[in-house]
Amino acid sequence: MEIKSVLVTGAAGYMGRHVVRSFLDAGYQVLVNDLSYKGVDDRAIRKEADIFSGEKDIYQQMGEPDLLVHLAWRDGFVHNSDAHMKDLSDHTAFLQHMVDGGVKAVSVMGSMHEIGYWEGAIDETTPCNPQSMYGVAKNALRQFLLLYTKDKNVAVHWLRAYYIYGDDARGSSIFAKIVQAVEDGKTTFPFTSGKNQYDFIHIDQLAQQIVQASVQDQVNGIINVCSGEPISLGDKVESFIKEHQFEIKLDYGAFPDRPYDSPGVWGDPEKIQQIMKG
């Protein structure tokens, strides 16, 4: 599979800006689409048609890219927003028309929230029982995409992400909240026990994994874009504070651990490691 041009939707989003830059740095022609283009690399070519118009020639309107990397998603940090289910049919129509138009490969951003409560490693066989509207919508979109493309000549990658950090001034994670607390002059930060273990990945490493997974067709289907290494939230946040030389202390136990949070969940990295090794 030869990939020369790639369309990245949601190009100005938290992940999108990094993914666009990674594709450009790797030498690909990059077409971008979003509602605004603040922070998007100027080397990218803007395609400003409405991807959710429902128009069947959207593939042609988007410049007939070889590869689609679909990151666009409204209210991604608001897990029970009404937007998730309202927008689902728009996402399915867009993907359907891109596939029917002739795109060679499709990568769509998935989420650990498709799974719901789980303890241990997650792989492509892990059963899904999402516990938020965000998880329900992503789960349904994955089921649609894999079913629709089952007998079609297109490489499909469902890229399932975990706990992302980096570029924290722009994110909504606990790391972003700590950065904000420091900027506000706070000396302590209310925290849980910090014992829960998660799969953390830096946004730049994630972008590299997305690029490498998307341009190949030997490993397809559900692919965890992850570190595969469970680390306790407390340890990760303490190292983050130390790395940035912040003068702030965690107030352990200020918030109770939520009963629906897994004591430990992470991605099985076998597929992504195979891809990254080439």
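Me: How many bridges pair E5 with E7?

Reply: The model is a predicted one. In its open sheet, whose order is E3-E2-E1-E4-E5-E7-E11, E5 and E7 are listed side by side. E5 and E7 run in the parallel sense, and the number of bridges over which they pair is seven.

Me: Which strands are the edge strands of the sheet?

Reply: The open sheet is formed by seven strands with parallel pairing, in the order E3-E2-E1-E4-E5-E7-E11. An edge strand pairs on one side only, and this applies to strand E3 (45–46) and strand E11 (221–225). The edge strands are therefore E3 and E11.

Me: In E5, which residue is the bridge partner of His70?

Reply: Strand E4 (residues 67–70) and strand E5 (residues 105–111) run parallel and are joined by four bridges. Within E5, the residue partnered with His70 is Val108.

Me: Does Cys226 count as buried or exposed?

Reply: Cys226 is placed in the loop between E11 and strand E12 (230–232). Leaving aside residues up to four places away in sequence, Cys226 touches several residues, among them Tyr162, Asp199, Gln209 and Ile272. Buried means under 20% relative accessible area. As the relative accessibility of Cys226 is 2%, this residue counts as buried.

Me: How many Å apart in space are Cys226 and Asp268, C-alpha to C-alpha?

Reply: Asp268 is among the residues that Cys226 touches, as are Gly267 and Pro269. Cys226 and Asp268 are 42 residues apart in sequence, whereas their C-alpha to C-alpha separation in space is 7.9 Å.

Me: Which residues of H8 are buried, and why are they on the same side of the helix?

Reply: The buried residues of helix H8 (residues 270–277) are Lys271, Ile272 and Ile275. They cover an arc of only 90 degrees around the axis, and so they lie on the same side of H8. The face turned away from this buried side carries the exposed residues Glu270 and Lys277. What covers the buried residues Lys271, Ile272 and Ile275 includes E11 and helix H6 (203–214).

Me: At what angle do H6 and H8 pack?

Reply: The axes of H6 and H8 are 9 Å apart, and the packing angle is about 75 degrees. That makes H6 roughly perpendicular to H8. The contact is made by Gln208, Gln209, Gln212 and Ala213 of H6 with Ile272, Ile275 and Met276 of H8, and these residues divide into four nonpolar, three polar and no charged. The angle asked for is about 75 degrees.

Me: Which residue just after H8 takes a positive phi?

Reply: The helix H8 spans residues 270–277. Just after H8, a positive phi of about 80 degrees is taken by Gly278.

Note on methods
Residues numbered from 1 in each chain as written. Predicted model: local features only at pLDDT ≥ 70, side-chain atom pairs only at ≥ 80, totals over all residues. Heavy atoms only, no water. Pairing = 2+ DSSP bridges. Helix = DSSP H or I, 4+ residues; strand = E, 2+ residues; numbered from the N terminus. Buried < 20%, exposed > 50% of the residue type's maximum accessible area, 1.4 Å probe, protein only. Contact = heavy atoms within 4.5 Å. Arc of directions from axis to C-beta. Axes fitted to C-alpha atoms, helices over the stretch in contact; angles between N-to-C directions. Parallel < 35°, antiparallel > 145°, perpendicular 65-115°, else oblique. Nonpolar A, V, L, I, M, F, W, Y, C, P; charged D, E, K, R; others polar.
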